[in-house]
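Biologist: I would like to learn how to read a model of this kind, one feature at a time. Could you take me through it, with the general idea first and the case at hand second?

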Amino acid sequence: MSEAFRGLRVYNTLTRRQEDFVPLDAGNVRMYVCGPTVYDFAHIGNARPVIVFDVLFRLLRHLYGAEHVTYVRNITDVDDKINARALRDFGGEIEAGRLTLNEAIRKVTETTARQFHADVEALGCLKPTAEPRATEFVLPRADGKTDMVSLIQTLIDRGHAYVAKGEILFDTASMPDYGELSKRRLEDQQAGARVAVDPHKKNPSDFVLWKESSAQEPGWEGRFVVEGREITIRGRPGWHIECSAMSAAYLGEIFDIHGGGLDLIFPHHENEIAQSRCAHGTPVMAKYWMHNGFLQVEGRKMAKSEGNFVTIHELLHTEKFGGRSWPGEVLRLAMLMTHYREPLDFSVRKLEEAETVLDGWYRAIGDVQAEGSDISSDMLRALQDDLNTTGAIAALHELRAETAKGDKEVRRRLKASGELLGILQKTEEEWFSAKAASAAVDPAAIEERIAARLAFIREKNFAAADAIRDKLSGQGVQLMDYKDPETGERRTKWEVKR
């Protein structure tokens, strides 16, 4: 095995085939993933790419070393949806002069970004190496990192952008192979349902790099030179230019992996490629493009009109979905039980299945500790095959079955392998105690009742022992008897069943 190739294969959307992953620099493997637009709490669909690319981040760190992987996930905190939310939530204070629009926007984005971080932490996701905010990369920076205004100026200078009606637009006709990622030919992209008819555009598919802001909208003083003339447009960036600037700022003009949801292929990722390649004069923006599949809820597209729109926060902390809240690890495993490129049907049944599996795995690992060297080779091979998490989970099931023989080494392999997926982060006691606390049961009281039941069994008072079991069962606590492998005595474990 060469220094550059570690056996990882990924499906590249750009080429429509699975390829060996060979990084540009094995000493600095670089990945960028589009992050949230922080105008509202993240919904369960937003969780899928966060979890998928967290698994890839963990795998890359295992293969190349944690210090040799750079993962950037941005925060979009400038967007018309954010502006609208700020006006909706703080319009009265803005009108009364107690807040400026920019201050109201900051309140919205700070609150939602903070909630996003809490949600993804509960889902077991590692922090990315860098998490730039779009507003910090609009104007030229003191540190010289790539910014949006300078990137737009470069596009103007190279003949790829033009000014029309207070906007600066990307000229798609200036790029001969525009549409390579989505496989959409420029001549096929006629005005219609998905392409706005704007008379000031040279081509219907041209898109905004910079748009003028009204007095009631947030804006920056964008200074540009067009045909030798200096102009200033108080405005704000288009969505696509944000990621082009932030990825270049941290990862360079060409990097290894760009990820996101399938819905971002066109127009967002297509337009990122156009901007970045034309500004930098590079053949590619990223070598490998990876996209996760769509998510639906209980067999239907998630939408507020369908009544099945649910946020990560609601799943973790309320009884909106399935009449109860769910542990973050359960949500994570439920996501990973479907291959990342396949459509995912998120359902109560899938969550219940994931929770049952985790209960069994935690009972198997007990309080064992593990290291990266303990990871199952079968499980690792599955992940190296284009993040085949379904194969990885099958390998974990086999390990679980082997633990019945009482081999502590197998338990360590199960623990370490689960940790690479971002699950099995706790001990058995921590897992079941956390579930009990979320169900408002008292672990100490349960242990007392178990001790009393075992005493009744030793006295052969089975009616009293059964009464305790039945009462606990009515409270949602299931008892499981087993034989101590060392002493042969009867022992009892318990778990909360909803």
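Modeller: We shall go through sheets, a hairpin, aromatic rings, charges over rings and cysteines in turn.
Modeller: This is a predicted model, in which local features need pLDDT of at least 70 and side-chain atom pairs count only at pLDDT 80 or more, while totals for chains, interfaces and linings use all residues. Residues are numbered from 1 along each chain as its sequence is written, and side-chain values use heavy atoms, with hydrogens and water left out.

Biologist: In what order do the strands of the five-stranded open sheet lie?

Modeller: In general, strands of a sheet pair through backbone hydrogen bonds, either parallel or antiparallel. Here helices (H or I, at least four residues) and strands (E, at least two) are DSSP runs, numbered from the N terminus, and two strands pair if DSSP finds at least two bridges between them. The open sheet of five strands has the order 5-6-7-9-8, with antiparallel pairing. Strand 5 (161-164) and strand 8 (220-226) have a single partner strand each, so one side of each edge strand is left without a neighbour in the sheet. From one strand to the next the twist averages 40°, where axes are lines fitted to C-alpha atoms, for helices over the stretch in contact, and angles run from 0 to 180 degrees between N-to-C directions.

Biologist: How many bridges join strand 8 to strand 9, and which helix packs on the sheet?

Modeller: Seven bridges join strand 8 to strand 9 (residues 229-237), and the two run antiparallel; Gly-222 has Ile-233 in strand 9 as its bridge partner. Helix 4 (residues 148-157) packs on the sheet and touches strand 5, strand 6 (167-170), strand 7 (207-212), strand 8 and strand 9, with a direction that makes about 20° with that of strand 8. Gln-153 lies in helix 4, and Gln-153 is in contact (heavy atoms within 4.5 Å) with Arg-223, Phe-224 and Val-225, leaving aside its neighbours within four places in sequence.

Biologist: Is Gln-153 buried or exposed?

Modeller: The relative accessible area decides this: buried means under 20%, exposed over 50%, and partly exposed in between, with a 1.4 Å probe and protein chains only. Gln-153 has 14% relative accessibility and therefore counts as buried.

Biologist: Where does a positive phi occur in the hairpin of strand 15 and strand 16?

Modeller: Strand 15 (residues 477-483) and strand 16 (residues 490-496) pair in the antiparallel sense over seven bridges, and Leu-479 stands opposite Trp-494 in strand 16. Six residues lie between the strands of this hairpin, in which Gly-488 takes a positive phi near 80°.

Biologist: How many aromatic pairs are there?

Modeller: Rings of Phe, Tyr and Trp (its six-membered ring) pair if their centres lie within 6.5 Å; planes under 30 degrees apart count as stacked, over 60 as edge-to-face and the rest as tilted. By this rule there are nine aromatic pairs. The ring centres of Phe-170 and Phe-207 are 5.1 Å apart and their planes make 15°, so this pair is stacked. Phe-170 in strand 6 and Phe-207 in strand 7 are 37 residues apart, and their pair links distant parts of the chain. Phe-170 is buried at 0% relative accessibility, and Phe-207 is buried at 6%.
Modeller: Tyr-362 and Trp-431 are also stacked, because their ring centres are 4.7 Å apart and their planes are at 10°. Tyr-362 lies in helix 9 (residues 348-365) and Trp-431 in helix 13 (residues 428-438), so the pair ties together parts that are 69 residues apart in sequence; both residues are buried. Ring pairs also link Phe-21, Tyr-64 and Tyr-288 into a cluster.

Biologist: Which ring does the charged end of Arg-141 sit over?

Modeller: A charge sits over a ring if NZ of Lys or CZ of Arg is within 6 Å of the ring centre and within 35 degrees of the ring normal. The charged end of Arg-141 sits over the ring of Phe-137, 4.0 Å from its centre, and Lys-145 lies over the face of Tyr-250, at 4.6 Å from the ring centre.

Biologist: How many disulfides does the structure hold?

Modeller: A disulfide is a covalent bond between the sulfur atoms of two cysteines, and the rule used here asks for a pair of cysteine sulfur atoms within 2.5 Å. The structure holds zero disulfides. For Cys-34, the closest cysteine sulfur is that of Cys-243, at 3.9 Å, which is too far for a bond. For Cys-125, the closest is that of Cys-34, at 16 Å, again too far.
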